[in-house]
Structure formats: structure tokens, C-alpha cells
Amino acid sequence: MNLKLTPRDRRAVLLGAAALGVLILARLVVLPWLDGWSAARAHAAADRAELLRIETQLARLVAQRHRLKDPLGSAVGKDLQDVESARVSLFASAQAALGAAGFSASDYQPQKPRRLAGLPGVQEICIQVRGKCNGEQLTNMLAQLCKTPTLVVVRQLSLDNDEKKPGELEVTMILMTLARGEVRS
Amino acid sequence: MRQQGRVNYAWGLEPAGHCLRLVKLVRAEAGLRVAEYRELAVPRGWDWSVPMPAPPAWPVGPKEPLAVCVCDRGVLYRTFDPPPAEESVLRKTVLNQLEVLLPAQVGQFVHDWRATSLEHDGRRRVVIAAVRKQTIQQIVARCGAWGAVPQVVLPTVWASAGLVGLLVDPSPLLLLHLSAHCAGGAVVAGRDVLSCGVLDQGLPEHAGAPDPQMDVDPTSLPARPGEAGGPRVGSLPASWRFELRQLHQHLLKDLPASCWPRRCAVVGQAAELAMVRHEVADTLGLELAEPRMDALECPTGLNLRTWAASVGAALSMLSAQPGAINLLPARKLPRLSAVPLRRWAWVAAWIAAAVLGLFLVDTIRAGRMDARLREIRQEGRCDRLDCELAVGDHLESGGPAPLEVLDYLVSLLPEKSRLLKWKYQRGPIGPGRCCEVTVGGTVGDDKAFTELLQKLSQAGKVEFKSGRPDQGKFRFEVGLLIQRIPGGAATAEGPARSSTAPAGQTQPASGPGGAP
């Protein structure tokens with residue numbers, strides 16, 4: 001079939017073909033590319049938000065440690081030990097701090113570790129200490145406990161001053177540290 | 001078909017071989033007056049396609065009306081007689097005719113058309129003229145380079161035909177514009193151009209290549225005896241005469257017999273010689289008309305035959321010739337044909353580069369952040385961070401440390417007081433971050449105890465458990481819930497001061513176990 005096209009018809013055919021080509025190009029290349037770009041941007045925005053959250057938490061942690069450093073000592077920033085190591089470290093640190101302060105301990109009684117509510121994987125290791133000291137030794141002992149290499153927190157402290165023996169204090173206290181992992185009973 | 005605005009003067013420019021003819025036509029009281037005419041020499045010969053510096057003493061400014069003649073050799077003409085129709089329909093018909101007429105795409109040409117006042121068999125004659133767009137662009141570019149902006153571009157023969165409109169006798173006239181390189185012809189009736197044609201531009205009946213001798217250069221012809229400076233009789237080549245007759249027949253084609261001209265006017269550079277004019281008239285069998293224009297005032301020395309095209313071009317811009325054909329498009333033409341495409345290509349390239357750059361930036365940034373986050377997650381830093389924050393929260397929830405509390409309590413105890421019992425329980429206790437303290441001891445009297453209670457209440461919730469006078473003193477026991485030690489100084493300096501200055505020394509009679 002010999003089909004003769006006028007210049008106008010030829011232009012119309014060419015224009016239509018060009019429009020069709022543009023549509024196909026847009027459908028197969030441009031739109032998927034734009035979708036991919038949009039997805040990459042959304043992914044980047046989510047990543048940025050996550051990094052910002054981590055940065056905020058990091059800043060909060062730094063501020064928190066700065067606040068805790070004065071009352072609890074510089075051991076606050078250290079990583080938590082496992083339960084067995086923490087038990088040993090707690091006893092050694094307590095003994096060293098009490099001895100340095102002149103506190104005469106009569107009894108060390110390890111307590112049963114307990115889990116902390118809201119802190120999965122973290123255990124509280126405690127040891128009860130009984131002994132005698134005077135007022136100056138007591139304050140020295142509390143100050144020395146902030147300088148130990150292991151985190152030692154006074155969980156409970158009771159003083160009894162016998163009126164018949166002024167200056168001598170009966171001290172019962174529970175010292176605590178934190179450890180990670182499950183307890184082996 | 002466009003109407004030109006009313007102006008009081010206009011410049012007409014005709015490129016002619018080795019010179020440019022420039023005329024300033026001014027509207028005068030009696031009609032029109034040629035105020036100025038200059039012949040600007042172009043030694044190398046004129047060519048619109050070759051950039052040239054402005055001729056010396058170029059007088060036309062950018063805002064002055066300027067009409068430029070384009071050589072007839074580059075112009076295509078077509079006449080046809082469409083049935084009466086509205087202008088929009090007529091315009092479409094003209095476009096259809098152009099597609100037949102033009103040897104290339106319509107977009108490569110610019111055109112204008114004019115419907116004449118001649119009606120024959122209920123049809124009105126339309127004359128179309130078209131020229132390559134590139135030619136117009138070159139004209140605009142050259143004039144622009146000289147500081148002038150042409151408003152009208154029209155074929156040379158059409159410009160000359162405009163001058164015929166000023167003739168006293170309005171009967172049909174065959175106008176021939178002869179120059180050294182081409183010859184254009186038109187049948188003019190009053191102010192109407194009824195048909196146009198160009199010699200050596202492919203007449204329908206013409207076959208074969210143009211004869212080189214067809215070009216008429218009057219300076220090369222010998223003088224005729226009895227006519228000073230004139231050529232001899234019968235000097236025109238027979239082939240050229242034949243072509244001239246063909247052109248004549250072409251111009252008369254489809255014209256009603258009533259419009260056939262009986263006289264002819266010969267203008268242009270080649271028409272300076274009387275021999276040429278007479279031989280042309282003899283060849284065509286027409287009477288030679290000598291132009292007599294009462295409405296045009298020409299200075300002495302201006303040969304109107306030679307300057308017909310430039311004067312007619314200027315005339316086309318004045319009101320005496322409204323609606324003259326104008327090949328300059330209404331829209332502003334680009335300066336050169338390649339420029340807009342190149343410009344758009346640059347714009348498109350910049351846009352594409354910008355989009356690609358943004359895409360790359362986004363992709364690289366997303367990749368980097370993703371890698372960084374993956375690294376953090378792989379190392380478990382996120383979990384550790386959460387865990388450490390939770391541990392810190394737990395430690396903070398215990399309330400003040402015992403040394404801080406002890407220092408604070410000792411600082412509150414009045415004179416002659418003694419601390420007999422002190423119990424500290426670290427928090428968290430209840431919803432608040434506080435510790436529980438129980439204090440027991442003796443103070444001087446109940447008044448001192450009341451003051452102590454008031455001071456203790458500033459630190460937290462106070463619970464009075466017991467109190468009684470005992471051997472001249474007041475024995476008490478108080479429970480406290482302390483959330484925060486009042487005054488930051490006590491908190492900050494507590495451990496340091498306590499370690500160096502025990503309570504027994506700062507409060508001589510009040511420390512734990514201190515002397516009463």
C-alpha cells in the first residue's frame with residue numbers, strides 16, 4: 001500500500017510519535033526515578049531523625065553523668081560488670097573505703113541480688129555492713145565511698161548513738177552496686 | 001496584513017550592489033517631501049549574510065522608523081482568487097497556499113499577504129509574498145548592529161509599487177524594477193498590487209538555467225549615437241527579452257482583461273538609461289510611462305527612477321500607503337537562527353544538571369546517614385545508650401546521697417542539741433525521686449525543736465513521730481522525705497567539706513555522737 005502523507009500529516013504523525021515517546025519515557029524512566037528519589041529522601045529524613053534522637057540522648061546522658069558525678073563519684077560513667085565480678089568488686093571497694101576511713105566493720109553480709117523494675121538485664125547487688133565508728137570516721141567513710149573504682153551506693157544507713165557511750169556510733173548500712181546479666185542462683 | 005502606526009517621517013533603505021540607498025521621507029503640508037537622501041558606498045558589495053561595520057555617517061537611530069527593501073530574487077510570490085470569506089478563513093487558505101508554494105517547511109519562511117480591491121467573478125485577488133526567515137533575521141541583525149531597528153521589511157518591487165500609488169493616472173501599470181542582478185515586475189492599479197513576479201526566479205513557463213547575459217549592467221553597454229552616455233539600440237540580449245515577455249505573461253495570468261496594463265514604468269538602477277527603458281517598452285509592446293507625482297516633492301538631483309525602491313519603502317511607513325506588505329513578523333525575531341535553540345539547550349542543560357546535582361546530593365547524604373546509623377546499630381550503641389540512660393535515671397531517682405543529707409541536717413541542728421538516731425533509706429520511694437530519713441535526738445527545749453521543724457520542712461515532707469521533755473531537754477523523733485537539698489551549695493560542697501571538716505567540728509555540740 002502506497003500511502004502518501006502531506007507535510008501537515010507528517011508533522012502530525014511526528015508530533016504524536018514524539019508525545020507518545022515522552023509519555024513512555026515518563027512512565028518507564030522518569031516517574032520511577034522520581035519515586036526512588038522521593039523514597040531516598042524519606043529514608044534520609046527518617047535516618048536524620050533517628051540520628052538526632054541518638055544525639056539528644058547522648059547529650060542527656062552526658063548531663064546526667066555530670067549531675068551524678070558529685071554525689072556518687074566518677075565510677076558512675078563506667079560500664080556495668082557482670083554479677084559475679086560486681087559482687088567481688090563491691091566487697092573489695094567497700095572494704096578498702098571503710099578501712100581508709102578508719103571504720104571498723106564487724107560483719108559483711110552479702111544480700112540476695114534483685115532485679116530492678118523497668119531495667120531489664122540489670123541487677124542490684126547489695127552487701128550489708130555492720131560496724132562502729134565516730135562522727136568524723138562516718139563522714140570520711142561516706143566521702144571515701146564516692147572515690148571507689150566501682151560504683152558503690154549507700155542504699156540504707158542507720159546510726160545509733162548510745163547515750164552511755166557518747167561519740168561511738170553503731171552503724172548498719174547496705175551498700176549497693178549495679179551489674180548486668182541474669183543472676184545465677 | 002498589518003497596519004502601520006502613523007509617523008511623520010520614515011527612513012527607507014535599499015541595498016543596491018555596491019551601495020546602500022537611504023532616504024528620509026517627511027510628511028509635508030502639500031504631501032510628502034524627500035528631506036534627505038544618501039548613497040552609502042559599500043566597496044565589497046552588499047550581502048546581508050556577511051557582518052559589516054556600520055557605513056560612515058549612518059544616520060538612523062534605534063527609535064527611528066526604518067523600512068528596508070529585500071532583494072526580489074529571494075522573494076516568492078503567489079496570487080490566487082479565493083471566494084469571499086472572513087479574514088480568519090482567508091488566513092488559513094493563505095497558509096494552505098503557502099504549503100504548495102514554498103519549497104521547504106512553512107516555519108522556515110516568513111510571509112505576508114494582501115487582499116486587493118480587485119473583484120472578479122465574485123472573487124477577490126490575494127497576493128502572497130514569502131521570504132526565508134533567515135534573511136529577515138540577518139537584516140534585523142545587521143541593522144541592529146548599526147543601532148537601527150527596522151519596522152518594515154518589504155520586497156524591492158513592492159516598495160517601488162508603493163510609489164506608483166502617487167501617480168496622477170491610476171490606470172493599471174506594469175512596473176519593472178531592474179537592477180544589476182535581478183528584475184522584479186508587478187501589475188499595479190492605483191494602490192493595489194495585482195500580481196508580482198521575479199525574473200530569474202523560476203517563472204512557471206521558464207525552463208533551464210538563467211542566462212548570465214540576462215543581468216543588465218547599464219555601465220557595460222556602449223553608447224547609442226545621438227544620446228550622450230546612452231547605449232546603442234537593440235543592445236539587450238534576445239534571451240533576456242524572451243524572459244521579460246515570459247514575466248509579462250506570467251503577471252497577466254488570471255488577470256481580467258480590464259486590468260491588463262497598457263503602459264509600463266521602468267525603475268531601478270538599470271533604468272537610468274533611456275535606451276533600456278525604451279527597449280523594455282518595445283519588447284513588451286507597451287507605452288512607456290514617465291512618472292509624474294504631484295504629491296511628492298523631491299530635491300533637485302534625485303533621480304526618482306533610481307531611488308524608487310528606497311523612497312517607496314519609506315512611503316510604506318507613512319499613512320499614504322496603509323496596510324503595505326511587511327515581511328517582518330509581528331513577534332520579535334531571534335537574532336540568529338541557532339541562538340534560541342542553543343539558549344534553550346543551555347537552559348535545559350542547567351536545569352538537568354541542577355536536578356541531577358540535587359539527586360546526587362540527596363542520594364549521597366542518604367547513603368552516608370544510612371551507613372552511619374547501620375554502624376551505630378551494629379555496635380549496639382543505641383541499646384547501650386538506652387540502658388545507660390535508664391541506669392542513670394534509676395540512680396537519680398534515689399534522691400540525695402547520705403553525706404549530703406547528713407551535712408544538711410547537721411547544719412540545721414541548733415546549739416545544745418544531740419543526734420542520737422539517724423536512719424537513711426535511699427529511694428525511689430513512691431512516685432517521687434526522694435529518700436526517707438528518720439532523725440532522733442535531743443534539743444534544748446521545745447521552742448528550739450519548733451524552729452528545727454520549720455527548717456526541716458523546707459527540705460521536704462516532715463512527719464513528727466514523737467517528742468517529749470526529758471531531763472531538761474526535749475527528746476524528739478522526726479521522719480523526713482527529702483527530694484532535694486535546699487541550696488545547691490550544700491549539694492556541691494557536701495562531700496569535700498565533710499571529708500575535711502567533720503560535723504563534730506563545724507557544729508561542736510551537735511554532730512552524730514558529738515559531745516552535748
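**Ground rules.** I noted that this is a predicted model, in which local features need pLDDT of at least 70 and side-chain atom pairs count only at pLDDT 80 or more, while totals for chains, interfaces and linings use all residues. Residues are numbered from 1 along each chain as its sequence is written, and chains are lettered from A and ligands numbered from 1 in the order in which they are written.

**Between the chains.** I took helices (H or I, at least four residues) and strands (E, at least two) as DSSP runs numbered from the N terminus, and I treated two strands as paired if DSSP finds at least two bridges between them. On that basis strand 5 of chain A and strand 15 (residues 418-425) of chain B pair in the antiparallel sense over 5 bridges.

I then looked at the contacts between the chains, counting two residues as in contact if their C-beta atoms, placed from the backbone, lie within 7 Å. I found 50 residues of chain A in contact with 48 residues of chain B. On the chain A side, at least two residues each come from helix 1 (7-72), strand 4 (119-133), helix 3 (135-145), strand 5 (153-161) and strand 6 (169-180), and helix 1 gives the most, with 21 residues. I sorted this side by residue type, with Ala, Val, Leu, Ile, Met, Phe, Trp, Tyr, Cys and Pro as nonpolar, Asp, Glu, Lys and Arg as charged, and the others, Gly among them, as polar; the division is 26 nonpolar, 12 polar and 12 charged.

**Chain A.** I listed 3 helices and 6 strands in chain A, running α-β-α-β-β-β-α-β-β from the N terminus on. A residue is buried if 20 or more other C-beta atoms lie within 10 Å of its own, exposed if 12 or fewer, and partly exposed in between, with C-beta atoms placed from the backbone; of the 185 residues of chain A, 29% count as buried.

I followed strand 6 of chain A through its pairings. With strand 4 of chain A, strand 6 runs antiparallel over 12 bridges, and A:I125 stands opposite A:T177 there. With strand 5 of chain A, strand 6 also forms an antiparallel pair, over 8 bridges, in which A:L159 stands opposite A:V171. Strand 1 (residues 81-82) of chain A pairs with strand 6 in the parallel sense over 2 bridges, and A:Q81 stands opposite A:A179.

I next checked the packing of helix 2 (residues 83-101) on helix 3 of chain A, where the angle is about 145° and the axes are 8 Å apart. Axes here are lines fitted to C-alpha atoms, for helices over the stretch in contact, and angles run from 0 to 180 degrees between N-to-C directions. In this contact A:A97, A:L98, A:A100 and A:A101 of helix 2 meet A:Q137, A:N140, A:M141, A:Q144 and A:L145 of helix 3, and the residues divide into 6 nonpolar, 3 polar and no charged.

**Sheets of chain B.** I traced an open sheet of 3 strands in the order 5-7-6, with antiparallel pairing, whose edge strands, strand 5 (75-80) and strand 6 (109-120), each pair on one side only. Strand 6 and strand 7 (residues 123-132) of chain B are joined by 9 bridges, and B:D112 has B:A129 in strand 7 as its bridge partner. Helix 2 (residues 133-145) of chain B packs on this sheet, touching strand 6 and strand 7, and its direction makes about 65° with that of strand 7.

**Cores.** Last, I looked at nonpolar cores, meaning sets of buried Ala, Val, Leu, Ile, Met, Phe, Trp, Tyr and Cys residues joined through C-beta atoms within 7 Å. The largest holds 91 residues, and among those that touch the most other members are B:A129 and B:A314. A second, separate core of 63 residues includes A:M176, B:C435, B:V443 and B:I485.
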